[in-house]
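Hello,

Here is the structure you are taking over. Please open it first, then read my notes below.

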Amino acid sequence: MSSTPLFTTPPPPPPPINRTTVSSTTNAAAASFPPSPDKLALLLDNSNSVHRVLQIHAALLRHGLHQHPILNFKLQRSYSSLGRLDLSLALFNRTLNPNIFFYTSIINAHALHGLSQEALFIYTGMLFEGVQPNEFTFSSILKCCSLEHGKVLHSQVIKLGFDSDLYVKTGLVDLYARGGDVGSARLVFERMPEKSLVSLTTMLTCYAKHGELEEARLLFDGMVKKDVVCWNVMIDGYAQHGMPNEALGLFRRMLAAAKARPNEITVLAVLSACGQLGALESGRWLHSFIESNDIQVNVRVATALIDTYSKCGSLEDARLVFDRIRDKDVVAWNSMIIGYALHGLSRDALELFHEMCRTGLSPTDITFIGVLSACGHAGLVEEGWEFFNAMTDEYGIEPKIEHYGCVVNLLGRAGRLEEAYDLVKNMKIESDPILWGALLGACTLHGNLDLGEEIAEFLVGHNLANSGTYILLSNMYAKKGNWEGVARIRTLMKDSGVKKEPGCSSIEVNNRVHEFLAGDLRHPKSKEIYMMLEEMNDWLKAHGYAPQTDIVLHDIGDVQKEQSLEVHSEKLALAYGLISTQPGTPIKVVKNLRVCPDCHAASKLISKITGRKIVMRDRNRFHHFVDGSCSCGDYW
C-alpha cells in the first residue's frame, strides 16, 4: 500500500523569535521567584556601598522578606558598618520582637560611633522588654559608658554570671582604665584566670596612660608575645611622661627584636622623644628610616617631623618638610609658626601667620599661642596686644590660660609689670601658678622686690605656690643681699617638702645623648671634660671676660662663686661637645631651665674664639651663638 503525503505543499517557515518578548517573560518569571535567603545573605555580606545595600533592601521588601530574622539582622549590620546608623536604627525600631542578637548589634553600632547615651538608652529598653544581656552585649556596652554607669553594669555582670568571661573582663579593665581608676582595673585584671594579648595590652595601656611606667614595664617585659601595639603603647608611655631616653632605648630594642615592624604610631612617639631630647642626629636617622620603610609621610607624620626638627635646632630641615606638604592643614602651619617663634625668628613667624590666613585657613587657639610667643621673644608689645584682641574680635576664639600667660610674659619682659599684674587680676578665667610664676619671674628679672613679695605672699596664702614660686622669691632676696629672707624661704621650702628642680644640660654625640648636672663627675670622660673647662676659662680670661658672680645666689666668697659658675651644666655639656666633635661643626646643647646669664655671655665669647656655632635650647627658646653674638639680642 502506497503512502500519500498529508500536504501537497511545503509547510510554512516557523515565525521569527521575538527576543525582547522572551527576555521580558524570563525576567517576569524570575521576578515571581525571589532569590534564596542564603544568596541574599551572601550579597549583603559582600556589599561595600550604601547604594548596593539599599537595592537589596528593596528586593527584601518586594518579596516580603524584610522580617526574615537573618536577613534583617545582616541588613541592620550592613547599614551601620557603612556609616548609616540612622537607617540601621530605623530598621531596628521596625523589627518585631528583636532578640538579644539584634539588641547587641545595635548597641555595638552606637558604641563604635561614640554614642554612649543612646547605647545606654537602648540597653535600658532591652532590659525593660525582658531581654537578658549576654557576654557580647556587655562587651559592647562597656566600650563607651562612663565609669559611673560602668560600675552599675559591673554589678549586673556579676549578678548574671559573666564575670569569668575573658571578653567581658577585658571590657571592665578598659572601663576602669578610661575612668582613671587604675586600682580597680588592676584588681579585675589580676583576677582573670587567663589573659589574652588584648587584655594584657589593655592593662598595659592603663598603666602607661596614667604614668605608672614601672608597672607598665614589668608587665611589658613579662609578655611572651608582643605585637606592634604593645611596643607602641610602651614607647609612647615613656615619650608622653617625660622619659625620652627610655623611649628611644625601647625603640632600638624593638628594631633589634625584628618581630614587630614599626608603623606610623611608633614613629610619631619616637619623634616626640627626639624632640624632647633635642636629638637632631636621631631625628634625621628616623626620618630616613620612615622613608626607606614605606611609612607614609602624611600630614600627621610631616607635622611631627617639623616639630622635631624645630625642637632639635634645625629650622632648615623643618622648613624643607613643611614646603613638601601638599595639602597643609592648620596643624602643620601651627607647627612651623611655633618653630619660628621658638628660635626667636618672630617676623618670620608673623609673616607665616599672614600667609596661612591668605590660604583661607582659620587660625586656632594653638596658632595664637605661637604668634603671641613670637611677639614675646621680640618685645613686640603693641602687636602682641593686637593679636590678643583679634582672637575674640575677629576670630571668635576665647583666650585660654596659655594665651594670658604669653601676654603676661610679653609685658613682663618689656618691664610693664603693673600692666601685667592688672591683666592677671582682671582675667575672665581663673589664674594658675604657672601664670603667676611668669609674672614673678618678670619681677625677678627687673628687680621689683616689692611687687614680687606681694605676689609671692598671695600665692602662698592661697595655696597656689609651687617650687618655682619659692625659688624665684629666694632669688629676689639673694639679689638684694637679703640672706635672712633667703634662709626663711629655704626653711619654708624644707618644711613644705618642696624641692628645687636641678639644672640639667644634654648634648647628642654620635646618636647618644649625654646629660650633665652642675659639678657632674659621673661621665666616663670627666677628666678630659674638666681639662677642657680649664682651657675654656683661660680663653675667656685672655679675652677680658669677668664671671658674673652677682648671679650666684649664695652667701659665699667671690672665689667660690667663680668656681660655682665654672661647673654649670651648660659649660660641662659645651666642653664635652668641644672634645667630642670635629672643629668647625655646630654644637647643640639642651637645658631644662632658663640658661643663666653667665653661661649665656660665656657661650657668646666661646663661639667667637672657636669659630663654631653654638645652639642652645633652654626652657623658653633657642639661642644661636655665632661669632660673639646671640640670636636673642640679649633679650630673653
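Helix α12 (residues 197-209) and helix α13 (residues 213-222) have axes that come within 8 Å and cross at roughly 155 degrees. Axes are lines fitted to C-alpha atoms, for helices over the stretch in contact, and angles run from 0 to 180 degrees between N-to-C directions. Helices are DSSP runs (H or I, at least four residues), numbered from the N terminus, and strands are E runs of at least two. α12 and α13 are therefore roughly antiparallel (angles over 145 degrees count as such).

Leu-200, Met-203, Leu-204, Tyr-207 and Ala-208 of α12 meet Leu-213, Glu-215, Ala-216, Leu-219 and Phe-220 of α13. Contact means heavy atoms within 4.5 Å. This contact has nine nonpolar residues, no polar ones and one charged. Ala, Val, Leu, Ile, Met, Phe, Trp, Tyr, Cys and Pro count as nonpolar, Asp, Glu, Lys and Arg as charged, and the others, Gly among them, as polar.

The model is predicted: local features need pLDDT of at least 70, side-chain atom pairs count only at pLDDT 80 or more, and totals for chains, interfaces and linings use all residues. Residues are numbered from 1 along each chain as its sequence is written, and side-chain values use heavy atoms, without hydrogens or water.

Next, α13 packs on helix α14 (residues 228-240) at about 155 degrees, with the axes 11 Å apart. α13 and α14 are therefore roughly antiparallel too. Leu-213, Ala-216, Arg-217 and Phe-220 of α13 touch Cys-230, Trp-231, Met-234, Gly-237 and Tyr-238 of α14. Seven of these residues are nonpolar, one is polar and one is charged.

Best wishes

Methods: Parallel < 35°, antiparallel > 145°, perpendicular 65-115°, else oblique.
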